[in-house]
Amino acid sequence: QVQLVESGGGLVQAGGSLRLSCAASGSIFSIYTMGWYRQAPGKQREVVATITSALRTNYADSVKGRFTISRDNAKRTSYLQMNSLKPEDTAVYYCNAHYEGPAGYDYWGQGTQVTVSS
């Protein structure tokens with residue numbers, strides 16, 4: 001079992017920055033791929049960025065060059081640094097932990113709201 005708690009969301013003007021954090025507890029953090037997803041009103045949840053235990057990263061095209069995902073295994077925390085924010089980045093952002101073993105199960109945080117004003 002893994003428990004995930006996000007923090008760092010809020011209201012920011014377009015062009016501004018926010019850093020989201022995801023604190024994990026309950027299992028071996030290092031063997032999970034950590035990811036950030038978002039869901040805007042009326043839209044499906046979409047992947048924003050992921051980082052594997054081997055530190056391979058992947059980003060949605062819409063955030064490449066603006067967002068950076070990272071992880072600190074000692075602190076059991078993953079981060080999403082968001083720069084040059086746009087109004088279309090407004091969404092609830094969810095932290096995900098995907099077990100890299102054969103079972104491949106997922107855990108989700110409760111979500112944190114990010115609102116970017118124009």
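How many cavities of 30 Å³ or more does the count come to? By the grid rule, the count is 1. This is a predicted model, so to speak of local features a pLDDT of at least 70 is needed, and side-chain atom pairs count only at pLDDT 80 or more, while totals for chains, interfaces and linings use all residues. Residues are numbered from 1 along each chain as its sequence is written, and side-chain values use heavy atoms, with hydrogens and water left out.

View 1. On a 1 Å grid over the protein atoms alone, a cavity is a set of points where a 1.4 Å probe fits but cannot get out, and lining residues have an atom within 4 Å of a point. Points are joined across faces, edges and corners, and the volume is the space filled by probe spheres set on them. Among the lining residues are L4, A24, Y32 and R76. By class, the lining has 8 nonpolar, 1 polar and 1 charged residues (Ala, Val, Leu, Ile, Met, Phe, Trp, Tyr, Cys and Pro count as nonpolar, Asp, Glu, Lys and Arg as charged, the others, Gly among them, as polar).

View 2. Strand 1 covers residues 3-7, and strands here are DSSP runs of E, at least two residues, numbered from the N terminus. Strand 1 pairs with strand 3 (residues 18-25) in the antiparallel sense over 5 bridges; pairing takes at least two DSSP bridges. Look for A24 in strand 3, the bridge partner of L4.

**View 3. A cluster of tyrosines.** Ring pairs link Y32, Y99, Y105 and Y107. Rings of Phe, Tyr and Trp (its six-membered ring) pair if their centres lie within 6.5 Å; planes under 30 degrees apart count as stacked, over 60 as edge-to-face and the rest as tilted. The structure holds 5 aromatic pairs. Y32 and Y99 make a tilted one, 5.5 Å centre to centre with 55 degrees between the planes. Y32 lies in strand 4 and Y99 in strand 9, so the pair ties together parts 67 residues apart in sequence. Y32 is buried, at a relative accessible area of 2%.

**View 4. R45 over two rings.** R45 lies over the face of Y94, 3.7 Å from the ring centre, and over the face of W108, at 4.6 Å. The rule asks for NZ of Lys or CZ of Arg within 6 Å of the ring centre and within 35 degrees of the ring normal.

Technical notes. Buried means under 20% relative accessible area, exposed over 50%, partly exposed in between (1.4 Å probe, protein chains only). Helices (H or I, at least four residues) and strands (E, at least two) are DSSP runs, numbered from the N terminus. On a 1 Å grid over the protein atoms alone, a cavity is a set of points where a 1.4 Å probe fits but cannot get out, and a pocket is an open set with protein on both sides within 12 Å along at least five of seven lines; lining residues have an atom within 4 Å of a point.
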